[in-house]
Amino acid sequence: MTRPFSILMVCLGNICRSPTAEGVLRARLAAAGLDKRVRVDSVGTGDSHVGCAPDPRAIECAQRHDIDIAGLRARRLQYEDFDEFDLILCADRTILHEARVRKPRTAHADVELLLDWAGVGNKDVPDPYYGSARDFERAFRLIDAAAAGIVARLSEGRH
Ligand code: 4NP
């Protein structure tokens with residue numbers, strides 16, 4: 001069997017945006033029957049929440065959309081990720097810069113902005129950590145648009 005195409009979602013803490021992106025993309029891949037062909041994971045560039053579950057507000061927001069992310073645990077982006085994943089998608093331009101700086105020169109992964117897959121005009125998924133439930137919902141919608149774009153592209157066999 002060929003190796004699944006692999007996508008790594010990255011934000012700062014790996015407790016709000018990127019676990020949401022992991023859960024949303026997994027759900028959309030499963031609905032499209034593509035979940036066996038694509039591996040999805042998420043990490044943070046920072047280490048302050050390593051080992052933690054997603055923020056309760058992110059869990060609640062995903063739950064409202066019938067997506068369960070409560071079992072995920074935060075981990076930090078590491079050098080091996082740049083060879084283990086095909087596509088590394090960053091929640092905002094600061095994260096994109098950080099990930100590109102850390103990418104080893106010979107590493108295999110493409111490092112891109114998540115919302116470049118969404119067709120929404122926005123570049124960054126605004127960090128909802130210091131915000132309200134409404135900010136989590138707004139982040140969710142942007143992430144969901146990107147997940148839909150990714151699944152559409154993969155369904156066409158393009159990636
Ligand atoms: P995330 O959100 O990067 O979407 O997981 C944040 C989580 C934690 C912090 C900032 C953003 N923090 O400062 O602890």
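Helix 1 and helix 5 lie oblique to each other in this predicted model. Their axes cross at roughly 40° and come within 9 Å. Angles under 35 degrees would count as roughly parallel and 65 to 115 as roughly perpendicular, so this pair is classed as oblique. The crossing is right-handed.

Which residues make the contact? Helix 1 contributes Arg17, Thr20, Ala21, Val24, Leu25, Arg28 and Leu29. Helix 5 answers with Phe140, Ile143, Asp144, Ala147, Ala148, Ile150, Val151 and Leu154. By class, this contact has 11 nonpolar, 1 polar and 3 charged residues.

Next, the nonpolar cores.

| Core | Residues | Members include |
|---|---|---|
| Largest nonpolar core | 36 residues | Ile7, Leu25, Leu114, Ile150 |
| Second, separate core | 15 residues | Leu8, Ile95, Val111, Leu113 |

In the largest core, Ile7, Leu25, Leu114 and Ile150 touch the most other members. Leu25 and Ile150 also take part in the contact between helix 1 and helix 5.

Leaving aside neighbours within four places in sequence, Leu114 is in contact with Met9, Ala21, Leu89, Cys90, Val125, Ile143, Ala146 and Ile150. Among these partners of Leu114, Ala21, Ile143 and Ile150 also belong to the contact of helix 1 with helix 5.

Note on methods: Residues are numbered from 1 along each chain as its sequence is written. This is a predicted model: local features need pLDDT of at least 70, side-chain atom pairs count only at pLDDT 80 or more; totals for chains, interfaces and linings use all residues. Side-chain values use heavy atoms; hydrogens and water are left out. Axes are lines fitted to C-alpha atoms, for helices over the stretch in contact, and angles run from 0 to 180 degrees between N-to-C directions. Helices (H or I, at least four residues) and strands (E, at least two) are DSSP runs, numbered from the N terminus. Angles under 35 degrees count as roughly parallel, over 145 as roughly antiparallel, 65 to 115 as roughly perpendicular and the rest as oblique. A crossing is left-handed if the near helix is turned anticlockwise from the far one by less than a right angle, and right-handed if clockwise. Contact means heavy atoms within 4.5 Å. Ala, Val, Leu, Ile, Met, Phe, Trp, Tyr, Cys and Pro count as nonpolar, Asp, Glu, Lys and Arg as charged, and the others, Gly among them, as polar. A nonpolar core is a set of buried Ala, Val, Leu, Ile, Met, Phe, Trp, Tyr and Cys residues joined through side-chain atoms within 4.5 Å. Buried means under 20% relative accessible area, exposed over 50%, partly exposed in between (1.4 Å probe, protein chains only).
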